[in-house]
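Please look at the chain below before reading on. The text then goes through it part by part.

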Amino acid sequence: MNPTILLLPGDGIGPEVVAAAVVVLRAVGDRFGHAFALTEAPIGGAALRRGLPPLPAETLQAAYAADAILLGAVGDPEFDRGDSSRRPESALLGIRRELKLYANLRPAKVWPGLENAGPLKPEVLAGTDLLVVRELTGGLYYGEPRGTDGDSAFNTMRYSRGEVRRIARRGFDAARRRRRRVTSVDKANVLETSRLWRQVVTEVARDYRNVALDHMYVDACAMKIALAPASFDVILTENLFGDILSDEAGAIVGSLGLLPSASLGDGRGLFEPVHGSAPDIAGKDIANPIGAIASAAMLLRHALQLDAEAAAVENAIGDVLREGLRTADLASAGGHPVGTRGMGERIAAVVREAGL
Ligand code: IPM
Ligand code: MG
């Protein structure tokens with residue numbers, strides 16, 4: 001198999017974590033006999049620095065031409081001024097919209113050896129294995145009208161039945177392959193969009209008789225993630241709520257740096273760690289590349305249907321964490337300190353060894 005993977009390293013720690021993921025992808029290629037064709041394009045601040053728009057037309061074209069996309073991070077304090085369309089983040093929102101990537105899957109689980117890495121008591125965290133299914137191309141992020149009006153500023157939260165229906169299906173489909181429970185998260189006691197959300201999710205649930213559905217308000221859900229995270233299987237929610245709850249999920253399992261994501265539509269998918277560009281630690285070889293490497297595993301599974309290859313990467317991450325390798329964000333969990341590059345190289349080595 002010779003699939004084309006477009007790399008969009010982006011800003012801050014993006015290039016470092018993508019480079020570590022590439023080392024692992026090459027190990028997968030060698031072990032399983034695939035010649036991945038890797039191409040690269042600028043996005044976000046990296047594009048602005050070259051005098052290009054945040055999402056250059058050539059980058060978008062390369063995205064359409066690729067079988068899958070692996071993105072690092074976008075966000076650069078140097079370009080924080082100005083209107084939203086010139087900010088690096090607009091590139092991420094733009095590519096999600098252009099590629100119609102409405103379904104964002106963000107799994108979070110306790111890794112072996114990291115039971116103590118987060119702020120929760122290990123017995124509270126034990127058994128946590130949840131999946132946030134976040135709607136990614138609607139809601140407040142994209143709603144019109146938006147803007148400023150003298151001393152005021154405004155955004156619009158809007159959802160159509162069709163938008164809710166298609167993301168709900170993704171959530172239930174995912175639950176079918178997991179523990180068959182969906183918690184739909186909204187704010188139906190206040191918001192019209194949430195009342196529509198709840199109604200449509202309830203309708204979709206009728207097609208999934210073997211999946212249990214419950215509804216929860218987003219504030220209660222935020223609390224329960226901290227108090228009883230193992231009680232969740234699939235958390236199905238709209239764009240902004242999913243953004244917030246997925247950071248919380250990252251914190252409780254030990255580090256946001258561990259979390260991968262898949263952004264899927266009806267065509268090619270984009271895969272990226274949940275963390276941001278972390279400019280304060282960029283270029284120091286201290287960022288955790290596991291979120292990016294686990295995103296590469298999701299790419300193998302969801303975009304290329306290479307399930308054994310994806311499992312090999314995920315098993316290697318588990319092995320290396322069990323060995324005690326720790327990037328700086330996981331220092332509180334004890335073990336041996338390692339840099340971004342070292343972590344990627346060790347995971348790649350385990351992928352190769354496992355094939356011997
Ligand atoms: C994320 C990020 C993005 C978002 C930002 C960088 C636009 O926080 O992917 O979670 O809010 O979706
Ligand atoms: Mg976020």
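This is a predicted model: local features need pLDDT of at least 70, side-chain atom pairs count only at pLDDT 80 or more; totals for chains, interfaces and linings use all residues.

Residues are numbered from 1 along each chain as its sequence is written, chains are lettered from A and ligands numbered from 1 in the order in which they are written, and side-chain values use heavy atoms, with hydrogens and water left out.

Start with the domains, whose bounds come from an automatic or database domain assignment. The protein chain is assigned domain 1 (1-104 + 255-356) and domain 2 (119-252). Taken over C-alpha atoms, the centres of domain 1 and domain 2 are 24 Å apart. Contact here means heavy atoms within 4.5 Å. By that rule, 17 residues of domain 1 are in contact with 17 residues of domain 2.

Next come the nonpolar cores. A nonpolar core is a set of buried Ala, Val, Leu, Ile, Met, Phe, Trp, Tyr and Cys residues joined through side-chain atoms within 4.5 Å. Buried means under 20% relative accessible area, exposed means over 50%, and partly exposed is in between (1.4 Å probe, protein chains only). The largest nonpolar core has 91 residues, and those with the most contacts inside it are Phe-172, Leu-236, Leu-300, Val-313, Ile-317 and Ile-347. Why does this core lie between domain 1 and domain 2? Both domains give residues to the core, so it lies between them. Another core, of 16 residues, lies apart from it and includes Leu-8, Ala-63, Ile-69 and Leu-71. Leu-236 has contacts with residues including Val-133, Ile-167, Phe-172, Trp-197 and Val-201, when its neighbours within four places in sequence are left aside.

Now turn to the helices. Helices (H or I, at least four residues) and strands (E, at least two) are DSSP runs, numbered from the N terminus. Axes are lines fitted to C-alpha atoms, for helices over the stretch in contact, and angles run from 0 to 180 degrees between N-to-C directions. Angles under 35 degrees count as roughly parallel, over 145 as roughly antiparallel, 65 to 115 as roughly perpendicular and the rest as oblique. A crossing is left-handed if the near helix is turned anticlockwise from the far one by less than a right angle, and right-handed if clockwise.

The axes of helix 6 (residues 161-176) and helix 7 (residues 192-205) cross at roughly 50° and come within 9 Å. Helix 6 is therefore oblique to helix 7. Their crossing is right-handed. Among the residues that make the contact are Ile-167, Ala-168 and Phe-172 of helix 6 and Trp-197, Val-200 and Val-201 of helix 7.

Helix 10 (residues 290-302) packs against helix 11 (residues 307-323) at an angle of about 160°, with the axes 7 Å apart. Helix 10 is therefore roughly antiparallel to helix 11. The crossing of helix 10 and helix 11 is left-handed. The contact includes Ile-293, Ala-297 and Leu-300 of helix 10 and Val-313, Ile-317 and Leu-321 of helix 11.

Helix 10 also packs with helix 1 (residues 14-32), at an angle of about 45° and with the axes 8 Å apart. That makes helix 1 oblique to helix 10, and the crossing is right-handed. On the side of helix 1 the contact includes Val-17, Val-24 and Val-28, and on the side of helix 10 it includes Ile-293 and Leu-300.

Single residues complete the tour. Ala-108 is found in strand 4 (residues 103-109) and is buried, with a relative accessible area of 3%. Leu-264 lies in strand 11 (residues 262-264). Is Leu-264 buried or exposed? At 11% relative accessibility, Leu-264 counts as buried.

Pro-145, in the loop between strand 5 (129-135) and strand 6 (147-149), is joined to Glu-144 by a cis peptide bond, with omega about 0°. Gln-305 is in the loop between helix 10 and helix 11, and its phi is near 55°, a positive value in a residue other than glycine. At 57% relative accessibility, Gln-305 counts as exposed. Ala-278 sits in the loop between strand 12 (269-271) and helix 10, has a positive phi near 40°, and is partly exposed at a relative accessible area of 25%.
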